Amino acid sequence: MTDIGTSIPSVTVRGPQAPGNTAALDPVFTVSDLSVFYGEYEAVRQVDLSIGNREITAMIGPSGCGKSTVLRCFNRMNDLIPGARAAGKILYHGEDLYGDHVDPIEVRRRIGMVFQKPNPFPKSIYDNIAYGPRVNGTKGKMDEVVEEALTQAALWDEVKDKLKQNALSLSGGQQQRLCIARAIAVKPEVILMDEPCSALDPIATTKIEDLMQQLARDYTIVIVTHNMQQAARVSNRTAFFTADVDDKGERHGRLVEFDETSRIFTNPTDQRTEDYITGRFG
Amino acid sequence: MATPPSATAPGTSPSLARSRPRHGEQIIKVVLLLAALVSVATTIGIVVSLLEPTIRFFGEVSAVEFFTSTSWGPLFEPPGYGVLPLVSATLITTGIAVVVAVPLGLGAAIYLSEYARPRVRQICKPVLEVLAGIPTVVFGFFALSFVTPLLRGILPFEIEIFNALCAGLVVGFMIIPIVASLSEDAMTAVPRALREGSFALGASKMTTSVRVVLPAAFSGIVAAVILAVSRGAGETMIVYIAGGGQPNFTFDLGKAMQTMAAFIAQAGSGDVPIGTVDYNTIFAVGSLLFVMTFAMNYVSARLVRRYREVYE
């Protein structure tokens with residue numbers, strides 16, 4: 001393998017809606033000059049990025065490149081970490097996500113999140129789904145809300161006879177789909193996924209990926225993944241992050257390239273992207 | 001290379017047998033076993049030493065009188081052996097203590113584990129635990145010389161100098177650190193991922209604390225409350241000093257009352273001849289207190305097993 005520029009192996013690219021031919025970006029989030037600090041430490045530097053409506057955007061890159069940190073800015077999850085601070089701007093439908101008037105709780109209701117390790121509450125399957133709607137004061141027929149969310153998450157048939165069972169009795173893959181259902185139940189507009197398959201086996205991973213494709217019809221999805229093939233398989237657009245090491249030896253995450261997934265994986269403009277996706281580092 | 005390893009060639013195939021003796025392991029095992037046995041033996045010893053005088057007590061006093069009469073005065077003439085005044089006093093003071101300690105202790109625990117900044121927690125928790133280290137006799141005089149006058153000043157109704165209300169309140173203060181500290185440990189042990197899951201659904205901090213963290217920490221919190229209640233029910237000095245020594249069978253919180261533990265302290269510190277009914281009375285009351293505390297522990301352990309949320 002001498003000429004990596006022209007032959008990138010074993011990666012099939014298919015976007016969920018229009019493979020290799022993504023329509024013009026209709027932004028839900030517009031990120032400009034975003035830097036994230038943990039205390040004095042600048043974890044991510046000057047990121048510019050847009051997240052398209054009802055698209056799947058993948059964020060890839062080596063460990064410690066700040067992709068999860070950026071993801072956690074989209075629902076202000078970083079607010080919960082003492083000393084964390086975001087500089088720059090994130091616009092959500094044109095509204096400053098970090099504006100003074102913005103209530104982070106309202107933000108998180110509209111922008112759901114699925115985590116790396118499935119984290120169902122130690123309650124029944126039913127109560128896991130009902131938790132979000134109850135917390136948000138949803139009145140009306142909870143049974144229907146639960147069924148709808150579980151159906152959308154392709155889990156209903158597997159659990160409909162054991163809704164009262166503890167969620168932790170499910171397998172890892174089922175737990176993760178339960179967490180997706182739980183996120184859907186509050187009817188968010190965006191679902192953020194932080195390496196949702198990294199704790200799952202390949203079969204469970206395939207199920208989650210299929211589910212993401214279906215969900216992308218109704219939801220905007222942003223996924224952080226270590227798995228490049230996964231990014232190539234499911235996403236419309238891909239953002240490649242890497243980490244620069246400064247003279248003090250500190251790592252600062254940085255966005256290298258952001259483009260349509262097909263472009264990133266077949267014809268990247270930056271050498272570092274090419275090196276990463278061909279397995280030269282990372 | 002196809003020849004199997006041979007035992008006759010020690011140079012190429014070292015034996016898997018133990019190469020040097022490990023006596024230390026055996027010694028440590030025995031020492032640790034003894035350490036565990038000491039507390040078991042103590043428990044058995046207490047039960048046995050309680051049992052014998054108790055049996056003799058019921059040989060002379062009818063169990064019916066003991067459990068149904070409302071007149072207590074084993075040292076008086078004629079003696080009364082109805083334990084109900086002591087039981088009701090114990091339940092009342094413990095009840096007041098629980099009403100004080102559970103909300104305040106849980107509130108403190110929620111604050112420390114969910115709201116406080118790490119620095120605040122680092123300072124607050126040790127200070128809180130100092131409260132648990134104060135000798136109960138100090139609490140007793142604090143109750144008598146400070147809390148009772150304060151209560152008499154602010155309450156719209158009359159209370160006696162020695163009264164159950166003050167005793168119960170101060171026992172409550174005494175057990176707050178147990179509830180708070182152990183509950184905080186249980187809540188801190190709840191994985192961060194569960195909180196994040198809740199926050200990510202648009203839940204507030206309070207909702208997350210009450211509906212996710214508390215239930216997940218439930219078994220630890222109940223254990224904390226049980227320990228605190230057991231301490232409160234068996235608490236002696238505070239109720240002895242602040243509650244007075246009269247075994248009144250009353251539900252008036254402003255009246256003096258004598259709890260089971262306070263009676264044991266009072267009778268035990270007097271000059272009661274060994275072997276007399278009076279002497280055996282102490283053990284009968286002690287046995288009853290032991291059985292009550294044990295029953296409470298048992299019932300709550302069953303409840304915990306039924307309602308707890310296992311998060312791993």
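Visitor: In what order do the elements of chain B run?
Guide: This is a predicted model. From the N terminus on, chain B reads α-α-β-β-α-α-α-α-α-α-α-α-α-α, which comes to 12 helices and 2 strands.

Visitor: Why is chain B called more spread out than a compact globule?
Guide: The globule rule gives 20 Å for 312 residues, while the radius of gyration of chain B is 27 Å, well over that value, so the chain is more spread out than a compact globule. Along its principal axes, the C-alpha trace of chain B spans about 100 × 60 × 35 Å.

Visitor: What makes a group of residues a nonpolar core?
Guide: The members are buried nonpolar residues joined through C-beta atoms within 7 Å. The largest such core here has 156 residues, and Ile221(A) and Val170(B) are among those with the most contacts inside it. Helix α6 of chain B, residues 164-188, gives the most to this core, with 16 residues.

Visitor: Which residues does Ile221(A) touch?
Guide: Leaving out residues up to four places away in sequence, its contacts include Ile56(A), Met193(A) and Leu215(A).

Visitor: Why are β5 and β6 of chain A called edge strands?
Guide: The open sheet has 10 strands in the order β5-β4-β1-β2-β10-β9-β3-β8-β7-β6 of chain A. Both β5 (95-96) and β6 (111-114) pair on one side only.

Visitor: How do you know that β3 and β9 of chain A pair?
Guide: Pairing needs at least two bridges, and these strands share 4 bridges, in the parallel sense. They therefore meet the cut-off for a pair.

Notes:
Residues numbered from 1 in each chain as written. Chains lettered and ligands numbered in written order. Predicted model: local features only at pLDDT ≥ 70, side-chain atom pairs only at ≥ 80, totals over all residues. Rg over C-alpha atoms; globule rule 2.2 N^0.38 Å. Buried ≥ 20, exposed ≤ 12 C-beta atoms within 10 Å, placed from the backbone. Contact = placed C-beta atoms within 7 Å.
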